Amino acid sequence: MNTKQRITLIFRDLGVPAHLVGYELLRDAVELAVADKNTLLNGIRDIYVPVAEKHGTTKVRLEHQCRHTIFCAWERTE
């Protein structure tokens, strides 16, 4: 099982809604962080920027979408 599949299974277990735009963004961000632990030290520069560029968005929009996705997952667990 590759990293993306493992992250997908964890997201499913946590109740992260897969239909939201932030799901893909968040999964790619986690995948980058898992691939290189040093990226966590410079999160915005080393995680947000490459993921935003990959998806053709800005780091501000990426952060908003990720927060929204996490919020929705949190709301589902209550």
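At the start of helix α1, a side-chain oxygen of Asn 2 reaches to within 3.1 Å of the backbone nitrogen of Lys 4. This is a polar contact, that is, a pair of N or O atoms within 3.5 Å; within protein, one must be able to donate a hydrogen and the other to accept it, and residues adjacent in sequence count only if both atoms are side-chain atoms. The model is predicted: local features need pLDDT of at least 70 and side-chain atom pairs count only at pLDDT 80 or more, while totals for chains, interfaces and linings use all residues. Residues are numbered from 1 along each chain as its sequence is written, and side-chain values use heavy atoms, with hydrogens and water left out. Helices (H or I, at least four residues) are DSSP runs, numbered from the N terminus.

**Helix α1 and its ends**

- Asn 2 lies in the segment before α1. Asn 2 counts as partly exposed because its relative accessibility is 42%; buried means under 20% relative accessible area, exposed over 50%, and partly exposed in between (1.4 Å probe, protein chains only).
- Helix α1 runs over residues 3-14 and has 12 residues. From its first C-alpha to its last it reaches 16 Å, close to the 16 Å expected at 1.5 Å a residue; the expected span is 1.5 Å times one less than the number of residues.
- Ile 7, Thr 8 and Phe 11 are the buried residues of α1. They cover an arc of only 105 degrees around the axis, so they lie on the same side of α1; the arc is that of the directions from the helix axis to the C-beta atoms.
- An α-helix has 3.6 residues a turn, so residues three or four places apart point the same way.
- On the face of α1 turned away from its buried side are the exposed residues Arg 6, Arg 12 and Asp 13.
- The buried residues of α1 pack against α2 (21-35), where contact means heavy atoms within 4.5 Å.
- Gly 15 follows α1 and has a positive phi, near 85 degrees.

**The aromatic pair**

- One aromatic pair is found in a search of the whole structure. Phe 11 and Tyr 23 form this pair, which is edge-to-face, with 5.5 Å centre to centre and 70 degrees between the planes.
- Rings of Phe, Tyr and Trp (its six-membered ring) pair if their centres lie within 6.5 Å; planes under 30 degrees apart count as stacked, over 60 as edge-to-face and the rest as tilted.
- The pair links distant parts of the chain, with Phe 11 in helix α1 and Tyr 23 in helix α2, 12 residues apart. Both residues, Phe 11 and Tyr 23, are buried.

**Helix α2 and Arg 27**

- Helix α2 has 15 residues and reaches 22 Å from its first C-alpha to its last, close to the 21 Å expected at 1.5 Å a residue.
- Its buried residues are Gly 22, Tyr 23, Leu 25, Leu 26, Arg 27, Asp 28, Ala 29 and Ala 33.
- Arg 27 counts as buried because its relative accessibility is 10%. The side chains of Arg 27 and Glu 24 are joined by a polar contact of 2.6 Å.
- Leaving aside neighbours within four places in sequence, Arg 27 is in contact with Lys 4, Ile 7, Thr 8 and Phe 11.

- Helix α4 (residues 59-77) has 19 residues and reaches 27 Å from its first C-alpha to its last, close to the 27 Å expected at 1.5 Å a residue.
- Leu 62, Cys 66, Thr 69 and Ala 73 are buried in α4. They cover an arc of only 60 degrees around the axis, so they lie on the same side of α4.
- The face of α4 turned away from its buried side carries the exposed residues Val 60, Arg 61, His 64, Arg 67 and Trp 74.
- Thr 69 is buried, with a relative accessible area of 0%. Not counting residues up to four places away in sequence, Thr 69 touches Val 16, Pro 17, Leu 20, Gly 22, Tyr 23 and Leu 26.
- Leu 20 is found in the loop between α1 and α2 and is buried, with a relative accessible area of 16%. The C-alpha atoms of Leu 20 and Ala 73 are separated by 10 Å, although these residues are 53 residues apart along the chain.

**The largest nonpolar core**

- A nonpolar core is a set of buried Ala, Val, Leu, Ile, Met, Phe, Trp, Tyr and Cys residues joined through side-chain atoms within 4.5 Å.
- Of the 14 residues in the largest such core, Phe 11, Val 16, Leu 25, Val 51, Leu 62 and Cys 66 touch the most other members. At least two residues of this core come from each of α1, α2, α3 (43-55) and α4, and the largest share, five residues, comes from α2.
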